[in-house]
Amino acid sequence: MEGGAQYNPRTVEEVFRDFKGRRAGMIKALTTDVEEFYQQCDPEKENLCLYGFPSAQWEVNLPAEEVPPELPEPALGINFARDGMQEKDWLALVAVHSDAWLLSVSFYFGARFGFDKADRKRLFNMMNDLPTIYEVVTGVAKKQVKDKSTVSNHSSNKSKSNSKAGKYSKPQVKEEDDGFDEEEDDEHGDTLCGACGENYASDEFWICCDICERWFHGKCVKITPARAEHIKQYKCPSCSNKRIRP
């Protein structure tokens, strides 16, 4: 397990980078890697925790043995509730605890390295600009984006969703259409990746799931533009792995 002693961010920017990496890893566990995560959370095992690492990786493991631990610990025993509730509710519960853990780790670093009031406020605002893990996992973040969209945005989103395999990369326009290009970037700027929760960027390849209609970075779901050209109907990892739980 990666330990806090090996990596100690000391500035607001470094702590925020640490937060984003851990958050991306945990979102991956609860969305694109949800089948693997579900299997690892065996209720027959001991108290298990979900860890996110600065490298954007995740791990299900036992809590740290040292007391007190180097870093605040995530919620214990997430595996025990797995079979006692609906999967979506269980994932939402894990997401809530994961959000709380991320905040505690970030402000632990802030306290350890003497962040003042201004630094703490800036750090919180930077984290608060991103949707929570709960919002990404439950689809609340997607709904918030829809609610903020204008009628023209809805029209644009509808047209892009109807494109082949629902995918797009950076728009290719002529120089005289620069104004249109900027408008398109503004329209899609609030679109969030269903895997990592990051915002849309026009210089990255994205693909839309034809089932749940969520958008994903190609790199997050391991789909290249060349491969996407041969996909008639794209299903994201979550939709591909959906099944009825006992």
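This report describes a predicted model of one protein chain, with attention to helix H3 and residue Arg82.

Residues are numbered from 1 along each chain as its sequence is written. In this predicted model, local features need pLDDT of at least 70 and side-chain atom pairs count only at pLDDT 80 or more, while totals for chains, interfaces and linings use all residues; side-chain values use heavy atoms, with hydrogens and water left out.

**The chain**

The protein chain has 10 helices and five strands. Here helices (H or I, at least four residues) and strands (E, at least two) are DSSP runs, numbered from the N terminus. Of the 246 residues, 43% count as buried, where buried means under 20% relative accessible area, exposed over 50% and partly exposed in between (1.4 Å probe, protein chains only). A contact means heavy atoms within 4.5 Å. Among contacts between residues at least 6 apart in sequence, 66% join residues at least 24 apart.

**Helix H3 and its partners**

The table lists two helix pairs that involve H3.

| Pair | Angle between axes | Axes |
|---|---|---|
| H1 (residues 12–30) and H3 | about 165° | 10 Å apart |
| H3 and H4 (residues 117–128) | roughly 150° | within 11 Å |

Axes are lines fitted to C-alpha atoms, for helices over the stretch in contact, and angles run from 0 to 180 degrees between N-to-C directions. Angles under 35 degrees count as roughly parallel, over 145 as roughly antiparallel, 65 to 115 as roughly perpendicular and the rest as oblique. H1 and H3 are therefore roughly antiparallel, and H3 is roughly antiparallel to H4.

In the contact of H1 with H3, the H1 residues include Val15, Phe19 and Met26, and the H3 residues include Leu91, Trp101 and Phe109. The residues of this contact divide into 11 nonpolar, two polar and three charged. Ala, Val, Leu, Ile, Met, Phe, Trp, Tyr, Cys and Pro count as nonpolar, Asp, Glu, Lys and Arg as charged, and the others, Gly among them, as polar.

On the H4 side, Leu103, Ser106 and Phe107 of H3 meet Arg120, Leu123, Phe124 and Met127 of H4. This contact has five nonpolar, one polar and one charged residues.

**Arg82**

Arg82 lies in the loop between strand E2 (58–61) and helix H3 (87–112). Its relative accessibility is 12%, so Arg82 counts as buried. Leaving out residues up to four places away in sequence, Arg82 touches Tyr38, Gln39, Cys41, Asp42, Pro43 and Trp90. The side chain of Arg82 also reaches the backbone oxygen of Cys41 at 3.5 Å.

Key:
Polar contact = N/O pair within 3.5 Å; in protein donor to acceptor, adjacent residues only side chain to side chain.
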